[in-house]
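Please open the model in a viewer and keep the selection tool at hand.

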Amino acid sequence: FVKVTESNLDEKINELLELSGRHFQVDRTFFVHLTEHQQTYEWCNEGVESAIDMIPKLTRGTFPWWMNEMLNSDLVNVIYVEMLPPEAREEIEMFKSHQMKSLISITVRNKGNIMGILFFASVKAVKSLGGNHQELLRILANLLTDALVKVEAEKEIGYMAYYDALTGFPNHALFKKQLEQAIHLARGTGNLIGVLFIDLDSFKSV
């Protein structure tokens, strides 16, 4: 994540999921990025079917036990799904329907706000992840936090560089950048381009 940018964030997250999944010897790894448009990443071990359709269903209304555990504790470790408490019967059915025997999840937070959830699951065997594994999970969560914060800062700087702070309209710098791209593309294709200039009197005063 040292050189993470907005353009390669997805690639870096997918690589993290695969490397950590193989290291922990689990069958599925997920990262749920809780943005305005929730995005879910998944890695599956060989011969293991995707369970990405499960993630959007894990809401407070449908699975209150799981969500309360996630909100109240940074790390939720389920050594054996069958041993969950009776109040988690919906969760048990959900996890069993995806052949999950063990799972562990950790929240990715920045200044108390949850940015996402890192989620590992074992299908082929019951898996107990001890203290050392859990500490490594916390390190991975911190790395993800740093990467997401860095990309968000990059987006904000990019927005400030190319959009007017008052109106939110694209500014002169963005116009120049896009015009240069259009000219370059036109040269390559042999097409013509045109520029329309519209002047509004006293716009600065307004």
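Throughout this tour, a residue is called buried under 20% relative accessible area, exposed over 50%, and partly exposed in between (1.4 Å probe, protein chains only). The model is a predicted one, in which local features need pLDDT of at least 70 and side-chain atom pairs count only at pLDDT 80 or more, while totals for chains, interfaces and linings use all residues. Residues are numbered from 1 along each chain as its sequence is written, and side-chain values use heavy atoms, with hydrogens and water left out.

**Charged pairs**

Helices (H or I, at least four residues) and strands (E, at least two) are DSSP runs, numbered from the N terminus.

Select Arg109 and Asp74. Their side chains form a salt bridge, with an N to O distance of 2.6 Å. Asp74 is found in the loop between α2 (64-72) and β3 (75-78) and Arg109 in strand β4 (residues 102-110), so the pair ties together parts that are 35 residues apart in sequence. Arg109 is partly exposed, at 26% relative accessibility, and Asp74 is partly exposed as well, at 35%.

Next, select Lys96 and Glu82. A salt bridge joins these two side chains (3.4 Å, N to O). This pair links distant parts of the chain, 14 residues apart: Lys96 belongs to helix α3 (residues 89-97), and Glu82 to the loop between β3 and α3. Lys96 has a relative accessible area of 37% and is partly exposed; Glu82, at 42%, is also partly exposed.

**Within helix α1**

Move to helix α1 (residues 9-24), where Glu18 and Arg22 both lie, 4 residues apart, about one turn of the helix. The closest N and O atoms of their salt bridge are 3.3 Å apart. Arg22 is partly exposed at 39%, and Glu18 is partly exposed at 33%.

**A nonpolar surface**

Which residues form a nonpolar patch on the surface? Select Leu196, Ile198, Leu200, Phe203 and Val206, which together have about 630 Å² of accessible area. Patches consist of residues with over 30% relative accessible area and no salt bridge, like charges being joined within 9 Å and nonpolar side chains (Val, Leu, Ile, Met, Phe, Trp, Tyr) within 5 Å. Accessible areas come from the Shrake-Rupley method with a 1.4 Å probe; for residues, only the protein chains shown count as cover.

Finally, centre on Ile198, in the segment after α5 (172-189). Ile198 is exposed, at 63% relative accessibility.

Terms used. Salt bridge = Lys/Arg side-chain N within 4 Å of Asp/Glu carboxyl O.
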